[in-house]
Amino acid sequence: MTEYSIERIREQFPILNQQVNNRPLVYLDNAASNQKPNAVVDCISNYYTSYHANIHRGAHHLAQLATEAYENARTIIANHLNAHREEIIFTYGTTDGINLVAQTWGRKNLKQGDRIVISGLEHHSNLVPWQMVAEENGCIIDIIPVLSDGTLDMAVYDQLLEKKPKLVAVNQVSNSLGTVNPIGEIISKAKNINACVLIDGAQAVSHFEVDVKQLDCDFYVFSGHKIYGPTGIGVLYGKKAILEAMPAWRGGGEMIKSVSYQSFSVNELPYKFEAGTPNIADGIALGRAIEFVNSLGLNAIRAHENLLTKTATQRLLEVPGMRLIGTAAEKTSVISFLIDGLHPYDVGTLLDQLGVAVRTGHHCTEPLMNALGIPGTIRASFACYNTLKEVDIFIEAVKKASQMLS
Amino acid sequence: MTIEQRQQEIIEEFALFDDWMQKYEHIIELGKELPVISAEYKTDDNIIKGCQSRVWLHAEMLNSGVVHFTADSDAIITKGMIAMMIRVLSDQAPEDIASADLHFVNEIGLHQHLSPTRSNGLLSMIKQMKFYSLAFQAKNNG
């Protein structure tokens, strides 16, 4: 592998080279959405300027080029996850993928009194869709509690499994705290009692290689924009046999085999779940984004991010009243913190004035924040293009904000 | 002093600041100086929930025919912004509050605090201040 050249990487992200409030932008909101390399932006532009056409149905040249590119992206994604092409469903994003599973597999299989296990670290998008099914079908949702260091209480998980849940739905990585959950163990234990398992990989895919066959999960979902790809596109992986048994969800073109006024028959996988003209440009560009991360190597990206995270974490402790939220041994490049006596919103506002983009608030994990007894956190998150110099600017900005507010 | 005169006063004050830091230090100071809201009004009924910071707002019609506001927030910058809103809108006639154009926020370069993406409760607070005024006005006329 070639040396990890941060200069060469940053050259591919022109958005980073700008001033915010008359200071150089330091973008540390990567867990919300990371920036897009030229390869991805050019890919979208090239599609619309060279070969845009509606896919699959056309007999003409452009339709064929567009179809090939879109289906090629599906193959890239399938290879990246070690899945088959027909197991890769394009969605609008993680939330859409979870809703698809909840509204099809969930509504069909989760019955009155059935139990669903989720974790206390879930984003609202892996809670609310299940609450909707549970309300309709009369199911019970059990929560794996979160310990004070931000890890899951696996002893309670074992107890919850004794109640024979039908479904276990957890994230691989917590968006609020960066905790890496032991999904290997979670999945294998769930499989021992024949529970279905959905893994929300939104916060994992830009840091870890994912092998769905080895994991043996039934569903794996993620968003394109969290892996240097476009917004509005995401992926649902599902085991073929399960996807085949699932009813279709959205009806329309593309998802049907034949239609009469009396009835319709559904198309084969993966098209069965892709009604309507898909997000062709962003699907193609997602394939390109995955090629981009693979060209750097996820292990190399993670090693770089770990250096930034470790350095920033140590230096944040220099700030009086610093309280780190989430101190698990296994974490991604997310640092959630509070400063005693200061509101996260105030700190975030001043950091923005200093050119540093972080996220403040409950990060769409309101129940988690309530369980931790805090209003929210300030969250900084690093990506492949951040630098140690930016860590310095960030630390100095936190100190300045803290001083102004105290 | 009219709402417009009070806005002009704030604009002149802010013109004295050379940089953003002085400006924010001033807002933080205003937040600290905001009179404490009476505990009986700091209730869930009076809460305006932003995603980021929470705002409590209480309004009452005084015998003199003006609307008096008291408010609080858990975030100090939001509180500083509230202090300015109260300075401009409190103790004014309800019809003037309801029709007020709060252009000073733009002119002192703090309009981003009223952006819906901030969801700090400020935008909702202004709506609520106007709503109270309309309600008081309707009551008066009725």
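The entries below begin with the basis of the model and then turn to domains, pocket, cavities and helix packing.

**Basis.** I note that this is a predicted model, in which local features need pLDDT of at least 70 and side-chain atom pairs count only at pLDDT 80 or more, while totals for chains, interfaces and linings use all residues. Residues are numbered from 1 along each chain as its sequence is written, chains are lettered from A and ligands numbered from 1 in the order in which they are written, and side-chain values use heavy atoms, with hydrogens and water left out.

**Domains of chain A.** I looked up the division of chain A and found domain 1 (6-30 + 297-405) and domain 2 (41-294); such bounds come from an automatic or database domain assignment. Taken over C-alpha atoms, the centres of domain 1 and domain 2 of chain A are 28 Å apart. I then checked their contact (heavy atoms within 4.5 Å): 30 residues of domain 1 of chain A meet 28 residues of domain 2 of chain A.

**Largest pocket.** I searched a 1 Å grid over the protein atoms alone, where a pocket is an open set of points with protein on both sides within 12 Å along at least five of seven lines, a cavity is a set where a 1.4 Å probe fits but cannot get out, and lining residues have an atom within 4 Å of a point. Grid points are joined across faces, edges and corners, and a volume is the space filled by probe spheres set on the points. The largest pocket has a volume of about 880 Å³. Its lining holds 41 residues, and A:Asp29, A:Ala32, A:Arg359, A:Thr360 and A:Arg379 lie nearest its centre. Helix 12 of chain A gives the largest share of this lining, four residues. By class (Ala, Val, Leu, Ile, Met, Phe, Trp, Tyr, Cys and Pro nonpolar; Asp, Glu, Lys and Arg charged; the others, Gly among them, polar), the lining has 13 nonpolar, 21 polar and seven charged residues.

**Cavities.** I counted two cavities of 30 Å³ or more. The largest cavity has a volume of about 80 Å³ and is lined by 14 residues, among them A:Asn30 and A:His207. Six of the lining residues are nonpolar, seven polar and one charged. Domain 1 and domain 2 of chain A each supply at least three residues to this lining. The second largest cavity holds about 40 Å³, and A:Leu100, A:Trp249, A:Arg250, A:Lys272, A:Phe273 and A:Ala275 line it.

**Helix packing.** Which residues join helix 14 of chain A to helix 2 of chain B? I found A:Lys400, A:Met404 and A:Leu405 against B:Trp20, B:Met21, B:Tyr24, B:Glu25, B:Ile28 and B:Lys32. Within chain B, the axes of helix 1 (residues 3-15) and helix 3 (residues 76-89) come within 8 Å and cross at roughly 140 degrees; axes are lines fitted to C-alpha atoms, for helices over the stretch in contact, and angles run from 0 to 180 degrees between N-to-C directions.

Terms used
Helix = DSSP H or I, 4+ residues; strand = E, 2+ residues; numbered from the N terminus.
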